[in-house]
Protein chains: 4
Amino acid sequence: MAGKKTWYFPDGELPPPGDGDPQGHESIIILNPNSEEARVEVALYWADKAPDRFNVDVEPERVRCLRTNVTTDMGGFELPREVQYGIRLTSDVGIVAQYGRLDVRQPNMAFYTTPGYHED
Amino acid sequence: MAGKKTWYFPDGELPPPGDGDPQGHESIIILNPNSEEARVEVALYWADKAPDRFNVDVEPERVRCLRTNVTTDMGGFELPREVQYGIRLTSDVGIVAQYGRLDVRQPNMAFYTTPGYHED
Amino acid sequence: MAGKKTWYFPDGELPPPGDGDPQGHESIIILNPNSEEARVEVALYWADKAPDRFNVDVEPERVRCLRTNVTTDMGGFELPREVQYGIRLTSDVGIVAQYGRLDVRQPNMAFYTTPGYHED
Amino acid sequence: MAGKKTWYFPDGELPPPGDGDPQGHESIIILNPNSEEARVEVALYWADKAPDRFNVDVEPERVRCLRTNVTTDMGGFELPREVQYGIRLTSDVGIVAQYGRLDVRQPNMAFYTTPGYHED
């Protein structure tokens, strides 16, 4: 099985959208290189309350981009803006995941990306 | 053998070139530290269709930069702009790979880079 | 146990705050996905003197963001600005850590982030 | 022994310095967390010629930042600007390494950093 089942991204924060195009946003990008659909539990960790959890699916041999401000990408969850949080992905088949953020507050683009920490 | 045979980059997207210099672009940089030529299969994963595949070679003890908008770097493949995709590299000898993007839409430079997720 | 006990970030440097909002800053973000509190020793490495050390705690199933210019986040330590340093985290339970920097000197935002190198 | 002995950075390129402050530059940051001095061989890989090699030392429990445009940091080697190259570090004791670049061509700051790929 290709990829790993567990991925962590410690530093999440949904930036303000701004007025321009493209807008400020955050993404969790999940690649499923395997031949079975992946069911992924997303856990959101906070500084001062218990984690929230929901599930997303990623089709076999497809990439899926979760925009964290789009509730249909986030299992109905409405993420607050400008609040520190962390992310864990737990999948039933191997996946590969990356985090990206675009901030346009100044108003130039500032990109921020990191691969995840992964384990079996 | 140095390096790894398989590399993944979940978050690919070819940005618009813009009018300035340097232009907006994406690169896949492959370092072959071994004494044999590397034959690398590049697979491109999409959100809504089956993967595309082509091959590139990297000479021994050399680095090669694939510009994703240059069809001769991409085995003749013409990559669409501003479309989400993922990348897998599969090599017959160990390599080390990195992804870079330069976006100039605002029109300042915004860089985006990540090491790959790798496995044997 | 999820996560790793030891994390390194070679390239730390506290940028000037600037006049705008958000201000230039550095963060060490620590996610504790386990059910026990994490006691973390932070060691700061310098180019020309012996390391400094202090401790921080991270509650179970919480994320904590250490702003490196806030002495109460840094065990009372006052970090000099614009000086090269490196970071090691050593925890008694598994954690996942990331480093982030925001530089606003020009005065646009420039982001800089990296996952840590980790070992048991 | 903490850290790893071998580190790779596929995507090096020395940017133009520009006219402002800070100037555009590249850095290889090496943290030696061990109690012995590290002797590090730096190999530079090119697209079209054989690698160049030189040595640097990093004191025990210290961090050292190599500015790639400073010949005394690079074993006397004068790096060409705006040329693609890759980097390998091979050390006799464990180290942790990171790559950073600052580009000021537009003329805002654009940061680019990556952890290294590492192996024993």
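## Basis

This is a predicted model, in which local features need pLDDT of at least 70 and side-chain atom pairs count only at pLDDT 80 or more, while totals for chains, interfaces and linings use all residues. Residues are numbered from 1 along each chain as its sequence is written, chains are lettered from A and ligands numbered from 1 in the order in which they are written, and side-chain values use heavy atoms, with hydrogens and water left out.

## Aromatic pairs

Rings of Phe, Tyr and Trp (its six-membered ring) pair if their centres lie within 6.5 Å; planes under 30 degrees apart count as stacked, over 60 as edge-to-face and the rest as tilted. The count over all chains is 24 aromatic pairs. One of them is the tilted pair of A:Trp46 and A:Tyr85, with 5.6 Å centre to centre and 35 degrees between the planes. A:Trp46 is in strand β3 (residues 38-46) of chain A and A:Tyr85 in strand β6 (residues 85-103) of chain A, 39 residues apart; strands are DSSP runs of E with at least two residues, numbered from the N terminus. A:Trp46 counts as buried because its relative accessibility is 2% (buried is under 20% relative accessible area, exposed over 50%, partly exposed in between, with a 1.4 Å probe and protein chains only). A:Tyr85, at 0%, is buried too.

In chain C, C:Trp46 and C:Phe77 form a tilted pair at 6.3 Å centre to centre and 35 degrees between the planes. C:Phe77 is in the loop between β5 (62-67) and β6 (85-103), 31 residues from C:Trp46. Both C:Trp46 and C:Phe77 are buried.

## Charge over the ring

The charged end of C:Lys49 sits over the ring of C:Trp46, 4.6 Å from its centre (NZ of Lys or CZ of Arg within 6 Å of the ring centre and within 35 degrees of the ring normal). In chain B, B:Lys49 lies over the face of B:Trp46, at 4.6 Å from the ring centre.

## Salt bridges

A:Arg53 and C:Glu61 form one, with the closest N and O atoms 3.9 Å apart. The pair joins two chains, because A:Arg53 lies in strand β4 (residues 52-58) of chain A and C:Glu61 in a loop of chain C.

Within chain C, C:Asp11 and C:Arg101 form a salt bridge at 3.7 Å. C:Asp11 is in strand β1 (residues 4-12) and C:Arg101 in strand β6, 90 residues apart. Both residues are buried.

Methods
Helices (H or I, at least four residues) and strands (E, at least two) are DSSP runs, numbered from the N terminus. A salt bridge is a side-chain nitrogen of Lys or Arg within 4 Å of a carboxyl oxygen of Asp or Glu.
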